[in-house]
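I opened the file to look up a handful of local features and to write down what I found. The entries follow in the order in which I took them.

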Amino acid sequence: MYGDPHTHAAATGSGQGKRPHACVVIIFGASGDLTKRKLIPALYNLALENRLPERFAVVGYARSELSHESFRARLRAAVREFSRTGLKDEAVWEKFAATLYYVRGGYDEPESYQRLKEFIDAFDRGSRALPARVLYLATPPELYGAVIERMSAAGLAPRETDGEARTRVVIEKPFGTDLQTAQELNHRVHESLDEKQVYRIDHYLGKETVQNIMVFRFANAVFEPVWNRRYVDHVQITAAESVGVEGRGGYYDEAGVVRDMFQNHLLQLLCLTAMEPPVSFSADAVRDEKGKLLKSVRPIAPEEVAAAAVRGQYAGGKIDGAEVTGYRQEPGVARGSTTVTYAAIKLAIDNWRWEGVPFYLRSGKRMAKRVTEVAIQFKRPPLLLFKSHAVEAVNPNVLVMRIQPDEGVSLTFEVKPPGPDMVIKPLSLDFKYEQAFGNSSPEAYETLLEDCIEGDSTLFTRHDWVESAWALMDPIIQVWKLSKPKNFPNYDAGGWGPGAADEFMERDGRRWRQP
(Lines give C-alpha, C1' and ligand atoms only; values in the text may rest on other atoms or scores of the structure.)
Protein backbone atom coordinates (compact mmCIF):
# COMPACT_ATOMS: atom_id res chain seq x y z
CA MET A 1 0.00 0.00 0.00
CA TYR A 2 1.10 3.56 -0.60
CA GLY A 3 2.10 5.66 2.34
CA ASP A 4 2.18 9.46 2.17
CA PRO A 5 2.75 10.22 -1.53
CA HIS A 6 5.18 12.96 -0.67
CA THR A 7 7.48 10.60 1.27
CA HIS A 8 6.62 7.54 -0.83
CA ALA A 9 7.04 4.79 1.74
CA ALA A 10 5.53 1.72 0.10
CA ALA A 11 4.54 -1.27 2.17
CA THR A 12 4.47 -4.86 0.98
CA GLY A 13 1.33 -6.98 1.22
CA SER A 14 1.49 -10.53 2.44
CA GLY A 15 -1.66 -12.09 0.96
CA GLN A 16 -1.70 -14.72 -1.72
CA GLY A 17 -4.68 -13.24 -3.60
CA LYS A 18 -4.70 -11.76 -7.06
CA ARG A 19 -2.13 -8.99 -7.47
CA PRO A 20 -2.75 -6.59 -10.35
CA HIS A 21 -0.41 -3.70 -11.10
CA ALA A 22 -0.12 -0.54 -9.00
CA CYS A 23 -3.12 1.78 -9.10
CA VAL A 24 -4.46 5.12 -7.86
CA VAL A 25 -8.24 5.52 -7.73
CA ILE A 26 -9.50 9.13 -7.88
CA ILE A 27 -13.15 9.58 -6.89
CA PHE A 28 -14.91 12.76 -8.03
CA GLY A 29 -17.88 13.33 -5.74
CA ALA A 30 -16.09 11.66 -2.83
CA SER A 31 -18.32 13.22 -0.17
CA GLY A 32 -21.51 11.79 -1.70
CA ASP A 33 -23.71 8.77 -1.01
CA LEU A 34 -22.30 6.52 -3.74
CA THR A 35 -18.80 6.79 -2.29
CA LYS A 36 -19.80 5.95 1.27
CA ARG A 37 -22.47 3.35 0.49
CA LYS A 38 -20.83 1.45 -2.36
CA LEU A 39 -17.35 2.43 -3.49
CA ILE A 40 -15.32 2.56 -0.28
CA PRO A 41 -17.05 -0.49 1.31
CA ALA A 42 -16.32 -2.39 -1.92
CA LEU A 43 -12.66 -1.36 -1.93
CA TYR A 44 -12.34 -2.26 1.77
CA ASN A 45 -13.73 -5.74 1.05
CA LEU A 46 -11.20 -6.15 -1.76
CA ALA A 47 -8.47 -5.17 0.71
CA LEU A 48 -9.87 -7.67 3.21
CA GLU A 49 -9.51 -10.43 0.63
CA ASN A 50 -6.03 -9.30 -0.52
CA ARG A 51 -7.33 -8.37 -3.95
CA LEU A 52 -5.88 -4.86 -4.21
CA PRO A 53 -2.48 -3.97 -5.65
CA GLU A 54 0.35 -3.75 -3.18
CA ARG A 55 0.89 -0.18 -4.39
CA PHE A 56 -2.54 1.37 -4.09
CA ALA A 57 -4.19 4.62 -3.06
CA VAL A 58 -7.59 6.32 -3.14
CA VAL A 59 -7.84 10.09 -3.55
CA GLY A 60 -11.23 11.69 -2.93
CA TYR A 61 -12.13 14.97 -4.64
CA ALA A 62 -15.18 17.07 -3.76
CA ARG A 63 -16.27 20.56 -2.70
CA SER A 64 -16.65 19.73 0.99
CA GLU A 65 -14.02 20.99 3.43
CA LEU A 66 -12.38 17.80 4.70
CA SER A 67 -8.91 16.84 5.85
CA HIS A 68 -7.33 13.43 5.18
CA GLU A 69 -8.16 12.47 8.78
CA SER A 70 -11.81 13.58 8.70
CA PHE A 71 -12.27 11.89 5.32
CA ARG A 72 -10.94 8.62 6.77
CA ALA A 73 -13.13 8.92 9.86
CA ARG A 74 -16.22 9.46 7.72
CA LEU A 75 -15.39 6.43 5.58
CA ARG A 76 -14.68 4.24 8.59
CA ALA A 77 -18.28 4.82 9.73
CA ALA A 78 -19.48 4.11 6.19
CA VAL A 79 -17.65 0.78 6.03
CA ARG A 80 -19.03 -0.23 9.42
CA GLU A 81 -22.58 0.52 8.24
CA PHE A 82 -22.60 -0.47 4.58
CA SER A 83 -19.93 -3.14 3.98
CA ARG A 84 -21.28 -6.68 3.55
CA THR A 85 -18.61 -7.79 6.03
CA GLY A 86 -18.89 -4.83 8.41
CA LEU A 87 -15.63 -3.52 9.83
CA LYS A 88 -14.40 -7.07 10.10
CA ASP A 89 -10.67 -6.63 10.65
CA GLU A 90 -9.28 -3.57 12.43
CA ALA A 91 -5.72 -4.20 11.22
CA VAL A 92 -6.89 -4.36 7.59
CA TRP A 93 -8.88 -1.16 8.05
CA GLU A 94 -5.88 0.70 9.48
CA LYS A 95 -3.71 -0.39 6.57
CA PHE A 96 -6.45 0.48 4.08
CA ALA A 97 -7.20 3.84 5.76
CA ALA A 98 -3.56 4.84 5.33
CA THR A 99 -4.14 4.76 1.56
CA LEU A 100 -7.10 7.21 1.68
CA TYR A 101 -6.49 10.88 0.86
CA TYR A 102 -8.65 13.90 0.16
CA VAL A 103 -8.28 16.98 -2.05
CA ARG A 104 -10.88 19.74 -1.90
CA GLY A 105 -11.89 21.42 -5.16
CA GLY A 106 -14.77 22.64 -7.30
CA TYR A 107 -15.84 20.97 -10.50
CA ASP A 108 -15.47 24.15 -12.56
CA GLU A 109 -12.14 25.35 -11.11
CA PRO A 110 -9.15 24.62 -13.40
CA GLU A 111 -6.69 25.48 -10.62
CA SER A 112 -8.24 22.80 -8.36
CA TYR A 113 -7.76 20.14 -11.03
CA GLN A 114 -4.15 21.26 -11.38
CA ARG A 115 -3.66 20.95 -7.63
CA LEU A 116 -5.19 17.46 -7.76
CA LYS A 117 -2.83 16.51 -10.60
CA GLU A 118 0.19 17.63 -8.61
CA PHE A 119 -0.99 15.55 -5.64
CA ILE A 120 -1.52 12.48 -7.84
CA ASP A 121 1.81 12.92 -9.63
CA ALA A 122 3.55 12.55 -6.28
CA PHE A 123 2.56 8.86 -6.26
CA ASP A 124 4.58 8.33 -9.45
CA ARG A 125 7.89 9.67 -8.13
CA GLY A 126 10.52 7.02 -7.60
CA SER A 127 8.35 4.31 -9.17
CA ARG A 128 9.81 1.93 -11.71
CA ALA A 129 6.35 1.33 -13.17
CA LEU A 130 3.81 4.13 -13.22
CA PRO A 131 0.54 3.22 -11.49
CA ALA A 132 -2.66 2.94 -13.47
CA ARG A 133 -5.22 5.64 -12.77
CA VAL A 134 -8.93 4.99 -12.33
CA LEU A 135 -10.90 8.24 -12.32
CA TYR A 136 -14.39 7.53 -11.00
CA LEU A 137 -17.19 10.02 -11.70
CA ALA A 138 -19.48 9.68 -8.68
CA THR A 139 -20.98 13.08 -9.47
CA PRO A 140 -24.45 14.09 -10.72
CA PRO A 141 -24.79 13.08 -14.42
CA GLU A 142 -25.06 16.67 -15.61
CA LEU A 143 -21.43 17.18 -14.55
CA TYR A 144 -19.94 14.24 -16.50
CA GLY A 145 -18.99 16.13 -19.65
CA ALA A 146 -17.54 19.14 -17.84
CA VAL A 147 -15.52 17.05 -15.36
CA ILE A 148 -14.02 14.93 -18.15
CA GLU A 149 -13.06 18.04 -20.11
CA ARG A 150 -11.47 19.67 -17.03
CA MET A 151 -9.54 16.56 -15.95
CA SER A 152 -8.25 16.05 -19.48
CA ALA A 153 -7.22 19.68 -19.82
CA ALA A 154 -5.29 19.39 -16.55
CA GLY A 155 -3.43 16.30 -17.79
CA LEU A 156 -5.12 13.95 -15.30
CA ALA A 157 -6.55 11.82 -18.11
CA PRO A 158 -4.50 12.17 -21.30
CA ARG A 159 -5.90 10.54 -24.41
CA GLU A 160 -4.36 7.08 -25.04
CA THR A 161 -4.78 5.40 -28.40
CA ASP A 162 -2.09 2.70 -28.36
CA GLY A 163 -1.84 -0.41 -26.21
CA GLU A 164 -3.69 -0.93 -22.94
CA ALA A 165 -5.16 2.22 -21.42
CA ARG A 166 -3.29 3.21 -18.26
CA THR A 167 -5.89 5.88 -17.46
CA ARG A 168 -9.51 4.71 -17.15
CA VAL A 169 -12.53 6.93 -16.57
CA VAL A 170 -15.60 5.36 -14.96
CA ILE A 171 -19.01 6.87 -15.73
CA GLU A 172 -22.13 5.92 -13.76
CA LYS A 173 -25.49 5.54 -15.47
CA PRO A 174 -27.63 7.19 -16.72
CA PHE A 175 -25.69 7.59 -19.95
CA GLY A 176 -28.00 10.32 -21.22
CA THR A 177 -31.78 10.54 -20.95
CA ASP A 178 -32.58 9.72 -24.58
CA LEU A 179 -30.75 8.96 -27.83
CA GLN A 180 -29.85 12.58 -28.51
CA THR A 181 -28.39 13.28 -25.06
CA ALA A 182 -26.53 9.94 -25.12
CA GLN A 183 -24.97 10.84 -28.46
CA GLU A 184 -24.05 14.29 -27.15
CA LEU A 185 -22.42 12.80 -24.05
CA ASN A 186 -20.52 10.25 -26.13
CA HIS A 187 -19.31 13.05 -28.40
CA ARG A 188 -18.06 15.12 -25.46
CA VAL A 189 -16.36 12.07 -23.94
CA HIS A 190 -14.65 11.13 -27.21
CA GLU A 191 -13.32 14.66 -27.68
CA SER A 192 -11.13 14.04 -24.62
CA LEU A 193 -10.76 10.26 -24.34
CA ASP A 194 -10.35 7.19 -26.50
CA GLU A 195 -13.25 4.75 -26.16
CA LYS A 196 -11.00 2.08 -24.61
CA GLN A 197 -10.41 4.46 -21.67
CA VAL A 198 -14.13 4.78 -20.92
CA TYR A 199 -15.79 2.39 -18.46
CA ARG A 200 -19.58 2.93 -18.39
CA ILE A 201 -20.67 1.09 -15.28
CA ASP A 202 -23.98 -0.77 -14.87
CA HIS A 203 -24.00 -2.47 -11.47
CA TYR A 204 -26.35 -5.20 -12.75
CA LEU A 205 -23.50 -6.59 -14.85
CA GLY A 206 -21.40 -7.06 -11.72
CA LYS A 207 -23.87 -9.46 -10.11
CA GLU A 208 -22.48 -12.98 -9.95
CA THR A 209 -25.70 -14.53 -11.26
CA VAL A 210 -25.80 -12.19 -14.27
CA GLN A 211 -22.26 -13.22 -15.20
CA ASN A 212 -23.27 -16.85 -14.72
CA ILE A 213 -25.82 -16.58 -17.53
CA MET A 214 -22.95 -16.76 -20.03
CA VAL A 215 -21.29 -19.65 -18.19
CA PHE A 216 -24.60 -21.51 -17.91
CA ARG A 217 -25.27 -21.11 -21.62
CA PHE A 218 -21.85 -21.71 -23.10
CA ALA A 219 -20.28 -24.20 -20.67
CA ASN A 220 -23.14 -26.73 -20.75
CA ALA A 221 -23.60 -28.51 -24.05
CA VAL A 222 -26.98 -29.94 -23.04
CA PHE A 223 -28.71 -26.55 -23.38
CA GLU A 224 -27.20 -25.08 -26.54
CA PRO A 225 -29.07 -27.42 -28.99
CA VAL A 226 -32.48 -26.31 -27.64
CA TRP A 227 -31.64 -22.60 -27.15
CA ASN A 228 -33.44 -21.45 -30.30
CA ARG A 229 -36.73 -20.95 -32.16
CA ARG A 230 -37.27 -24.69 -32.75
CA TYR A 231 -37.72 -25.45 -29.05
CA VAL A 232 -38.36 -22.16 -27.21
CA ASP A 233 -41.91 -20.81 -27.16
CA HIS A 234 -41.12 -17.47 -25.52
CA VAL A 235 -38.89 -15.77 -22.93
CA GLN A 236 -39.94 -13.66 -19.95
CA ILE A 237 -37.50 -11.26 -18.29
CA THR A 238 -38.80 -9.81 -15.04
CA ALA A 239 -37.33 -7.17 -12.73
CA ALA A 240 -39.93 -6.57 -10.04
CA GLU A 241 -39.38 -4.34 -7.03
CA SER A 242 -41.49 -4.27 -3.88
CA VAL A 243 -40.15 -0.84 -2.89
CA GLY A 244 -41.41 2.52 -4.11
CA VAL A 245 -39.22 5.44 -5.12
CA GLU A 246 -37.40 5.50 -1.73
CA GLY A 247 -36.97 9.24 -1.42
CA ARG A 248 -35.98 9.66 -5.08
CA GLY A 249 -39.34 11.04 -6.14
CA GLY A 250 -37.86 14.09 -7.86
CA TYR A 251 -35.51 11.98 -9.98
CA TYR A 252 -37.97 9.19 -10.67
CA ASP A 253 -40.75 11.55 -11.73
CA GLU A 254 -38.47 12.69 -14.56
CA ALA A 255 -37.10 9.24 -15.42
CA GLY A 256 -39.84 6.63 -15.11
CA VAL A 257 -39.41 2.87 -15.32
CA VAL A 258 -38.35 2.65 -18.99
CA ARG A 259 -35.37 4.96 -18.50
CA ASP A 260 -34.60 3.57 -15.05
CA MET A 261 -34.75 -0.16 -15.82
CA PHE A 262 -35.41 -1.11 -19.44
CA GLN A 263 -32.84 0.94 -21.36
CA ASN A 264 -30.02 -0.54 -19.29
CA HIS A 265 -30.66 -3.51 -16.97
CA LEU A 266 -33.38 -5.40 -18.87
CA LEU A 267 -31.79 -4.95 -22.28
CA GLN A 268 -28.49 -6.18 -20.84
CA LEU A 269 -30.24 -9.32 -19.58
CA LEU A 270 -31.87 -9.72 -22.99
CA CYS A 271 -28.46 -9.60 -24.69
CA LEU A 272 -26.85 -12.12 -22.35
CA THR A 273 -29.80 -14.48 -22.78
CA ALA A 274 -30.11 -14.26 -26.56
CA MET A 275 -26.69 -13.35 -28.01
CA GLU A 276 -24.54 -15.71 -30.05
CA PRO A 277 -21.46 -17.31 -28.46
CA PRO A 278 -18.51 -14.89 -28.56
CA VAL A 279 -15.23 -16.11 -30.04
CA SER A 280 -13.65 -15.54 -26.61
CA PHE A 281 -14.43 -13.91 -23.27
CA SER A 282 -12.34 -10.87 -24.17
CA ALA A 283 -14.04 -7.50 -23.69
CA ASP A 284 -14.48 -6.66 -27.36
CA ALA A 285 -15.62 -10.17 -28.35
CA VAL A 286 -18.39 -10.22 -25.73
CA ARG A 287 -19.46 -6.65 -26.40
CA ASP A 288 -19.47 -7.23 -30.16
CA GLU A 289 -22.01 -10.04 -29.76
CA LYS A 290 -24.17 -7.98 -27.42
CA GLY A 291 -24.10 -5.16 -29.93
CA LYS A 292 -25.08 -7.48 -32.78
CA LEU A 293 -27.98 -8.85 -30.77
CA LEU A 294 -29.32 -5.41 -29.90
CA LYS A 295 -29.14 -4.32 -33.53
CA SER A 296 -31.23 -7.36 -34.51
CA VAL A 297 -34.08 -6.40 -32.16
CA ARG A 298 -36.98 -5.20 -34.32
CA PRO A 299 -37.66 -1.49 -33.68
CA ILE A 300 -41.12 -0.58 -32.41
CA ALA A 301 -42.65 2.17 -34.56
CA PRO A 302 -44.72 4.85 -32.77
CA GLU A 303 -47.98 3.47 -34.23
CA GLU A 304 -47.08 -0.01 -32.88
CA VAL A 305 -46.47 1.04 -29.26
CA ALA A 306 -50.08 0.46 -28.15
CA ALA A 307 -49.92 -3.17 -29.32
CA ALA A 308 -46.36 -3.88 -28.14
CA ALA A 309 -46.28 -2.25 -24.70
CA VAL A 310 -48.38 -1.70 -21.57
CA ARG A 311 -47.83 0.97 -18.91
CA GLY A 312 -48.98 1.44 -15.34
CA GLN A 313 -48.68 3.45 -12.17
CA TYR A 314 -49.19 2.12 -8.65
CA ALA A 315 -51.86 3.18 -6.21
CA GLY A 316 -51.77 2.54 -2.48
CA GLY A 317 -52.00 -0.98 -1.13
CA LYS A 318 -50.40 -3.54 1.17
CA ILE A 319 -46.96 -5.13 0.95
CA ASP A 320 -45.98 -7.71 3.55
CA GLY A 321 -49.03 -6.66 5.58
CA ALA A 322 -48.02 -2.99 5.74
CA GLU A 323 -50.02 -0.17 4.16
CA VAL A 324 -48.09 1.82 1.55
CA THR A 325 -49.05 5.00 -0.28
CA GLY A 326 -49.63 5.42 -3.99
CA TYR A 327 -47.04 6.90 -6.33
CA ARG A 328 -48.72 10.31 -6.49
CA GLN A 329 -48.48 10.59 -2.70
CA GLU A 330 -44.73 9.95 -2.64
CA PRO A 331 -42.52 12.91 -1.58
CA GLY A 332 -41.21 14.87 -4.56
CA VAL A 333 -43.84 13.48 -6.98
CA ALA A 334 -46.31 15.81 -8.71
CA ARG A 335 -49.86 15.15 -7.52
CA GLY A 336 -51.18 14.60 -11.05
CA SER A 337 -48.08 12.79 -12.29
CA THR A 338 -48.42 10.47 -15.28
CA THR A 339 -44.96 8.95 -14.81
CA VAL A 340 -44.86 5.24 -15.65
CA THR A 341 -43.86 2.98 -12.71
CA TYR A 342 -44.70 -0.31 -14.49
CA ALA A 343 -44.10 -1.36 -18.08
CA ALA A 344 -44.35 -4.55 -20.08
CA ILE A 345 -42.82 -4.61 -23.55
CA LYS A 346 -42.83 -7.33 -26.20
CA LEU A 347 -39.72 -7.48 -28.37
CA ALA A 348 -38.93 -9.54 -31.46
CA ILE A 349 -35.42 -10.53 -32.55
CA ASP A 350 -34.93 -10.75 -36.29
CA ASN A 351 -32.17 -13.31 -36.61
CA TRP A 352 -31.83 -16.99 -37.50
CA ARG A 353 -31.85 -18.25 -33.90
CA TRP A 354 -34.84 -16.33 -32.54
CA GLU A 355 -37.15 -15.57 -35.48
CA GLY A 356 -40.75 -15.87 -34.24
CA VAL A 357 -39.88 -16.15 -30.52
CA PRO A 358 -41.31 -13.23 -28.49
CA PHE A 359 -39.33 -11.77 -25.60
CA TYR A 360 -41.52 -10.22 -22.90
CA LEU A 361 -39.80 -7.71 -20.62
CA ARG A 362 -41.49 -6.25 -17.54
CA SER A 363 -40.49 -4.17 -14.56
CA GLY A 364 -42.41 -2.29 -11.91
CA LYS A 365 -42.32 -0.60 -8.54
CA ARG A 366 -44.43 -1.75 -5.55
CA MET A 367 -44.90 -5.25 -6.93
CA ALA A 368 -45.82 -8.31 -4.86
CA LYS A 369 -42.19 -9.19 -4.22
CA ARG A 370 -38.65 -8.28 -5.19
CA VAL A 371 -37.46 -10.62 -7.90
CA THR A 372 -35.29 -10.50 -11.02
CA GLU A 373 -35.29 -13.54 -13.28
CA VAL A 374 -35.03 -14.81 -16.84
CA ALA A 375 -37.56 -17.55 -17.68
CA ILE A 376 -37.22 -19.60 -20.87
CA GLN A 377 -40.48 -21.42 -21.62
CA PHE A 378 -40.13 -24.29 -24.05
CA LYS A 379 -42.76 -25.46 -26.49
CA ARG A 380 -45.33 -28.00 -25.33
CA PRO A 381 -44.99 -31.53 -26.68
CA PRO A 382 -47.90 -33.00 -28.70
CA LEU A 383 -50.57 -34.86 -26.69
CA LEU A 384 -50.90 -37.79 -29.11
CA LEU A 385 -49.52 -40.33 -26.62
CA PHE A 386 -51.95 -39.30 -23.90
CA LYS A 387 -55.24 -39.12 -25.85
CA SER A 388 -56.52 -42.37 -24.34
CA HIS A 389 -55.87 -41.13 -20.82
CA ALA A 390 -57.48 -38.41 -18.71
CA VAL A 391 -54.66 -35.99 -19.39
CA GLU A 392 -55.95 -32.58 -20.38
CA ALA A 393 -52.64 -30.79 -20.79
CA VAL A 394 -48.93 -31.17 -20.43
CA ASN A 395 -47.23 -28.21 -18.80
CA PRO A 396 -44.32 -26.72 -20.73
CA ASN A 397 -40.79 -27.12 -19.48
CA VAL A 398 -39.54 -23.85 -17.98
CA LEU A 399 -35.92 -22.97 -17.27
CA VAL A 400 -35.57 -20.09 -14.81
CA MET A 401 -32.34 -18.23 -14.08
CA ARG A 402 -32.93 -16.27 -10.88
CA ILE A 403 -30.79 -13.13 -10.58
CA GLN A 404 -32.06 -11.91 -7.18
CA PRO A 405 -32.79 -12.36 -4.38
CA ASP A 406 -32.90 -16.18 -4.30
CA GLU A 407 -30.05 -16.68 -6.78
CA GLY A 408 -30.11 -19.94 -8.64
CA VAL A 409 -31.45 -22.00 -11.54
CA SER A 410 -34.54 -24.19 -11.72
CA LEU A 411 -35.88 -26.50 -14.42
CA THR A 412 -39.52 -27.59 -14.42
CA PHE A 413 -40.46 -30.85 -16.12
CA GLU A 414 -43.33 -33.37 -16.10
CA VAL A 415 -43.38 -36.63 -14.11
CA LYS A 416 -45.84 -39.41 -13.27
CA PRO A 417 -46.48 -39.81 -9.53
CA PRO A 418 -46.69 -43.39 -8.14
CA GLY A 419 -50.06 -45.06 -8.71
CA PRO A 420 -52.10 -47.02 -11.28
CA ASP A 421 -53.49 -43.97 -13.15
CA MET A 422 -51.70 -42.02 -15.87
CA VAL A 423 -51.36 -38.71 -14.10
CA ILE A 424 -48.86 -36.04 -15.03
CA LYS A 425 -47.56 -33.45 -12.59
CA PRO A 426 -44.80 -30.82 -12.80
CA LEU A 427 -41.65 -31.15 -10.73
CA SER A 428 -38.65 -28.83 -10.42
CA LEU A 429 -34.94 -29.37 -10.14
CA ASP A 430 -33.74 -26.40 -8.14
CA PHE A 431 -30.17 -25.20 -7.71
CA LYS A 432 -29.37 -22.38 -5.26
CA TYR A 433 -26.07 -20.54 -5.26
CA GLU A 434 -26.11 -19.96 -1.50
CA GLN A 435 -26.52 -23.66 -0.73
CA ALA A 436 -23.75 -24.60 -3.14
CA PHE A 437 -21.22 -21.89 -2.45
CA GLY A 438 -22.28 -20.24 0.80
CA ASN A 439 -23.31 -16.62 1.19
CA SER A 440 -19.92 -15.27 0.18
CA SER A 441 -20.50 -13.75 -3.25
CA PRO A 442 -18.83 -10.38 -3.75
CA GLU A 443 -21.11 -7.43 -4.28
CA ALA A 444 -21.40 -6.02 -7.79
CA TYR A 445 -19.21 -2.99 -7.11
CA GLU A 446 -16.41 -5.19 -5.79
CA THR A 447 -16.30 -7.11 -9.06
CA LEU A 448 -16.56 -4.01 -11.22
CA LEU A 449 -13.99 -1.97 -9.30
CA GLU A 450 -11.52 -4.84 -9.45
CA ASP A 451 -12.07 -5.05 -13.20
CA CYS A 452 -11.43 -1.30 -13.52
CA ILE A 453 -8.18 -1.66 -11.61
CA GLU A 454 -7.12 -4.58 -13.80
CA GLY A 455 -8.17 -2.84 -17.04
CA ASP A 456 -10.82 -5.43 -17.98
CA SER A 457 -13.79 -3.72 -19.67
CA THR A 458 -15.82 -6.87 -20.44
CA LEU A 459 -18.61 -6.01 -17.98
CA PHE A 460 -18.79 -2.37 -19.00
CA THR A 461 -21.03 -0.79 -21.61
CA ARG A 462 -19.67 0.41 -24.93
CA HIS A 463 -20.87 3.62 -26.60
CA ASP A 464 -22.54 1.88 -29.56
CA TRP A 465 -24.59 -0.37 -27.26
CA VAL A 466 -25.82 2.66 -25.28
CA GLU A 467 -27.02 4.40 -28.42
CA SER A 468 -28.68 1.25 -29.80
CA ALA A 469 -30.53 0.76 -26.50
CA TRP A 470 -31.82 4.32 -26.50
CA ALA A 471 -32.89 3.99 -30.14
CA LEU A 472 -35.11 1.05 -29.13
CA MET A 473 -36.66 2.69 -26.07
CA ASP A 474 -37.04 6.29 -27.29
CA PRO A 475 -40.16 5.72 -29.44
CA ILE A 476 -41.99 4.15 -26.49
CA ILE A 477 -40.98 6.95 -24.13
CA GLN A 478 -42.02 9.63 -26.63
CA VAL A 479 -45.40 8.07 -27.47
CA TRP A 480 -46.25 7.71 -23.80
CA LYS A 481 -45.12 11.28 -23.13
CA LEU A 482 -47.44 12.65 -25.83
CA SER A 483 -50.46 10.43 -25.08
CA LYS A 484 -51.26 10.94 -21.41
CA PRO A 485 -52.98 7.98 -19.69
CA LYS A 486 -56.46 8.63 -18.33
CA ASN A 487 -56.65 5.68 -15.94
CA PHE A 488 -53.62 6.23 -13.67
CA PRO A 489 -53.12 4.83 -11.07
CA ASN A 490 -54.15 1.48 -12.55
CA TYR A 491 -52.65 -1.17 -10.24
CA ASP A 492 -52.56 -1.63 -6.50
CA ALA A 493 -49.30 -1.84 -4.62
CA GLY A 494 -48.59 -5.45 -3.69
CA GLY A 495 -49.88 -6.97 -6.93
CA TRP A 496 -48.32 -8.00 -10.23
CA GLY A 497 -49.18 -4.94 -12.28
CA PRO A 498 -52.21 -3.64 -14.18
CA GLY A 499 -54.90 -5.91 -15.59
CA ALA A 500 -54.01 -4.63 -19.05
CA ALA A 501 -50.66 -6.45 -18.73
CA ASP A 502 -52.47 -9.77 -18.23
CA GLU A 503 -54.72 -9.06 -21.21
CA PHE A 504 -51.60 -8.18 -23.18
CA MET A 505 -50.27 -11.72 -22.65
CA GLU A 506 -53.65 -13.42 -23.07
CA ARG A 507 -53.93 -11.98 -26.59
CA ASP A 508 -50.86 -14.08 -27.43
CA GLY A 509 -52.28 -17.16 -25.70
CA ARG A 510 -49.75 -16.86 -22.86
CA ARG A 511 -49.63 -15.68 -19.28
CA TRP A 512 -47.14 -14.10 -16.93
CA ARG A 513 -45.23 -16.17 -14.43
CA GLN A 514 -45.82 -15.29 -10.79
CA PRO A 515 -42.47 -16.09 -9.15
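**Entry 1: R80 and helix α2**

I started with R80, which lies in helix α2 (residues 68–82). The model is a predicted one. Leaving out residues up to four places away in sequence, I found R80 touching G86 and L87. I also looked up R80 against T273: the two are 193 residues apart along the chain, and their C-alpha atoms are separated by 37 Å.

**Entry 2: strands β2 and β3**

Next I took the pairing of strand β2 (residues 56–62) with β3. The two strands run in the parallel sense and pair over five bridges. At A62, I noted R104 in β3 standing opposite. Strand β3 (residues 100–104) is mostly covered, with four of its five residues buried.

**Entry 3: the nonpolar core**

I then looked up the largest nonpolar core, which has 148 residues. I listed the residues with the most contacts inside this core as F28, L43, V59, F96, M151 and F262. Helix α8 (residues 249–274) gives the most to the core, with 12 residues. I followed up on L43: not counting residues up to four places away in sequence, L43 touches L52, F56, V58, F96, L449 and I453.

**Entry 4: helix α5**

For α5 I listed the buried residues: Y144, G145, V147, I148, M151 and S152. Seen down the axis of α5, these residues fall within an arc of 165°, so they line one face of the helix. What do the buried residues of α5 pack against? I found β1 (23–28), α4 (110–121), β4, β5 (167–172) and α6 (179–192). Just after α5, G155 takes a positive phi of about 85°.

**Entry 5: T139**

T139 is found in the loop between β4 (132–137) and α5 (144–153). Is T139 buried or exposed? Its relative accessible area is 8%, and the cut-off for buried is under 20%, so T139 counts as buried. Setting aside neighbours within four places in sequence, I found T139 in contact with F28, G29, Y107 and Y144. Of these contacts, F28 is also on the list of residues with the most contacts inside the largest nonpolar core, and Y144 is among the buried residues of α5.

**Entry 6: aromatic pairs**

I counted 23 aromatic pairs. One that I looked at is Y360 with W512: the ring centres are 6.0 Å apart and the planes stand at 75°, so the pair is edge-to-face. Y360 lies in strand β12 (residues 358–364) and W512 in the segment after α14 (499–506), so the pair ties together parts that are 152 residues apart in sequence. Both Y360 and W512 are buried. I also noted a cluster in which ring pairs link Y252, Y314, Y327, Y342 and Y491.

**Entry 7: charges over rings**

I wrote down two cases here. The charged end of R72 sits over the ring of Y101, 5.3 Å from the ring centre. K207 lies over the face of Y204, at 5.4 Å from the ring centre.

**Entry 8: cis peptide bonds**

Q404 and P405 are joined by a cis peptide bond, with omega about -5°. I placed P405 in the loop between β14 (398–404) and β15 (408–415). A cis peptide bond also joins F488 and P489, where omega is about -5°. P489 lies in the loop between α13 (463–482) and β17 (491–493).

**Entry 9: positive phi outside glycine**

E246 has phi near 50°, a positive value in a residue other than glycine. I found E246 in the loop between β7 (232–240) and α8. Its relative accessibility is 61%, so E246 counts as exposed. R366, likewise a residue other than glycine, has a positive phi near 55°. R366 lies in the loop between β12 and β13 (371–378). Which side of the buried cut-off does R366 fall on? With a relative accessible area of 16%, R366 is buried.

Notes
Residues numbered from 1 in each chain as written. Predicted model: local features only at pLDDT ≥ 70, side-chain atom pairs only at ≥ 80, totals over all residues. Heavy atoms only, no water. Buried < 20%, exposed > 50% of the residue type's maximum accessible area, 1.4 Å probe, protein only. Contact = heavy atoms within 4.5 Å. Core = buried A, V, L, I, M, F, W, Y, C linked by side-chain atoms within 4.5 Å. Phe/Tyr/Trp six-rings, centres within 6.5 Å; stacked < 30°, edge-to-face > 60°. Lys NZ or Arg CZ within 6 Å of the ring centre and 35° of its normal. Arc of directions from axis to C-beta. Pairing = 2+ DSSP bridges.
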